[in-house]
Amino acid sequence: MEMIIDIKNLKKTFDNGKIVALDGVNLQVDDGEFISIMGPSGSGKSTLLNMIGALDRPDSGMIKVAGRNLMKEKDLSSFRARKIGFIFQLHNLIPNLTALENVEIPMFEGPYKDMMEERAMELLEYFGLVDKANRLPSELSGGERQRVAIARALANDPSIILADEPTGSLDSKTEKKILRKLKELNREHKVTIVLVTHDPRVASMASRIIKILDGKIVGG
Ligand SMILES: Nc1ncnc2c1ncn2[C@@H]1O[C@H](COP(=O)(O)OP(=O)(O)OP(=O)(O)O)[C@@H](O)[C@H]1O
């Protein structure tokens with residue numbers, strides 16, 4: 001199987017090298033895999049996700065994602081918009097835009113820019129949200145908002161979905177529904193998923209669990 005993420009000896013520090021967030025990470029992920037990343041607070045999970053999603057640059061090492069060498073890639077934002085779907089808790093919906101408009105946002109830069117509304121409605125339909133298309137985020141439940149966020153993450157048909165505690169603030173019934181959708185996307189649409197979580201039950205949805213400690217991968 002083809003490798004979609006290939007990371008070798010990746011290092012990332014903050015504060016002029018005083019804080020070592022990633023300390024020589026090696027990780028290979030096959031196309032179509034569903035992996036979880038677990039580890040204590042401060043172990044480097046979000047930093048690793050940010051490197052994979054091209055949100056920030058590593059100090060040294062090698063990182064290839066979806067066939068691109070991110071150490072050399074000049075236009076990280078265009079790479080990101082085309083290849084990566086983000087489901088981050090802090091990356092919330094834009095409050096003064098409707099569900100439909102929120103899903104359309106990433107499409108301005110992508111392959112669906114001439115059919116944004118049609119594509120966004122299709123995604124909302126997939127998540128059972130057609131009747132909520134014109135509502136603002138404040139008029140939706142937490143689970144509905146999270147489904148809109150996942151629909152938005154899928155807008156440009158990304159090769160990889162990066163999810164940071166995607167169900168953190170949801171009740172267990174809604175959490176199950178969201179996780180089932182992610183699993184379905186992985187199985188039926190072959191989207192590679194990398195999910196960061198503290199919760200062992202959530203992590204066990206994946207086919208492989210990676211453990212990280214003090215910026216190093218220690219198992220998985
Ligand atoms: N922008 C930054 N500037 C300075 N230090 C940072 C920055 N981002 C992360 N760090 C530090 O790097 C280390 C790894 O942080 P990271 O956010 O990757 O951990 P995490 O495993 O995701 O933690 P949590 O589970 O609490 O979210 C921590 O010591 C953190 O304080």
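Start by selecting lysine 216, which sits in strand S10 (strands are DSSP E runs of at least two residues and helices are H or I runs of at least four, both numbered from the N terminus). You're looking at a predicted model, where local features need pLDDT of at least 70, side-chain atom pairs count only at pLDDT 80 or more, and totals for chains, interfaces and linings use all residues. Residue numbers run from 1 along each chain as its sequence is written.

The cut-offs: 20 or more other C-beta atoms within 10 Å of a residue's own makes it buried, 12 or fewer makes it exposed, and anything in between is partly exposed, with C-beta atoms placed from the backbone. Skipping neighbours within four places in sequence, lysine 216 is in contact with Asp23, Gly24 and Val25 (contact means C-beta atoms, placed from the backbone, within 7 Å).

**Next stop: the ligand**

Glycine 44 is one of the residues around the ligand. To see the whole shell, select Phe14, Asp15, Ile19, Ala21, Gly39, Ser41, Gly42, Ser43, Gly44, Lys45, Ser46 and Thr47; a residue counts as near the molecule if its C-beta atom, placed from the backbone, lies within 6 Å of it. Colour the shell by type and you get three nonpolar, seven polar and two charged residues. Here Ala, Val, Leu, Ile, Met, Phe, Trp, Tyr, Cys and Pro are nonpolar, Asp, Glu, Lys and Arg are charged, and the others, Gly among them, are polar.

Which elements each supply at least two residues of that shell? Strand S2 (19-30) and helix H1 (45-52) do, and H1 gives the largest share, three residues. Select H1 next: seven of its eight residues are buried, so the helix is largely enclosed by the rest of the structure. Those buried residues are Lys45, Thr47, Leu48, Leu49, Asn50, Met51 and Ile52. After H1 comes alanine 54, with a positive phi near 60°.

Strand S1 (residues 3-14) is joined to S2 by nine antiparallel bridges, with isoleucine 5 opposite valine 29. The two strands make a hairpin with four residues between them, and aspartate 15 in the turn has a positive phi of about 55°. Aspartate 15 also belongs to the ligand shell. S1 pairs with strand S4 (residues 60-65) too, antiparallel over five bridges; there, isoleucine 7 has isoleucine 63 as its bridge partner.

**The six-strand sheet**

Back to S10, which belongs to an open, mixed sheet of six strands in the order S6-S7-S8-S3-S9-S10. Strand S6 (84-88) and strand S10 (216-219) are at the edges with a single partner strand each, so one side of each is left without a neighbour in the sheet. From one strand to the next, the twist averages 25°.

Zoom in on S6, where four of the five residues are buried, so the strand is largely enclosed by the rest of the structure. Five parallel bridges link S6 to strand S7 (residues 160-164). Two pairs to click: isoleucine 84 opposite isoleucine 160, and isoleucine 87 with alanine 163. Helix H5 (residues 142-153) lies across S6 and S7, at about 165° to S6 (axes are lines fitted to C-alpha atoms, for helices over the stretch in contact, with angles from 0 to 180 degrees between N-to-C directions).

Now pick arginine 82 in helix H2 (residues 76-83). With 17 C-beta neighbours inside 10 Å, arginine 82 is partly exposed. Leaving out neighbours within four places in sequence, arginine 82 contacts Gly110 and Asn156.

**Last stop: the core**

Finish with the largest nonpolar core, 62 residues, in which Val103, Leu124, Leu162 and Val194 have the most contacts. A nonpolar core is a set of buried Ala, Val, Leu, Ile, Met, Phe, Trp, Tyr and Cys residues joined through C-beta atoms within 7 Å. Beyond four places in sequence, valine 103 is in contact with Ala120, Leu123, Leu124, Val148, Ala151, Arg152 and Ala155.

Technical notes. Contact = placed C-beta atoms within 7 Å. Pairing = 2+ DSSP bridges.
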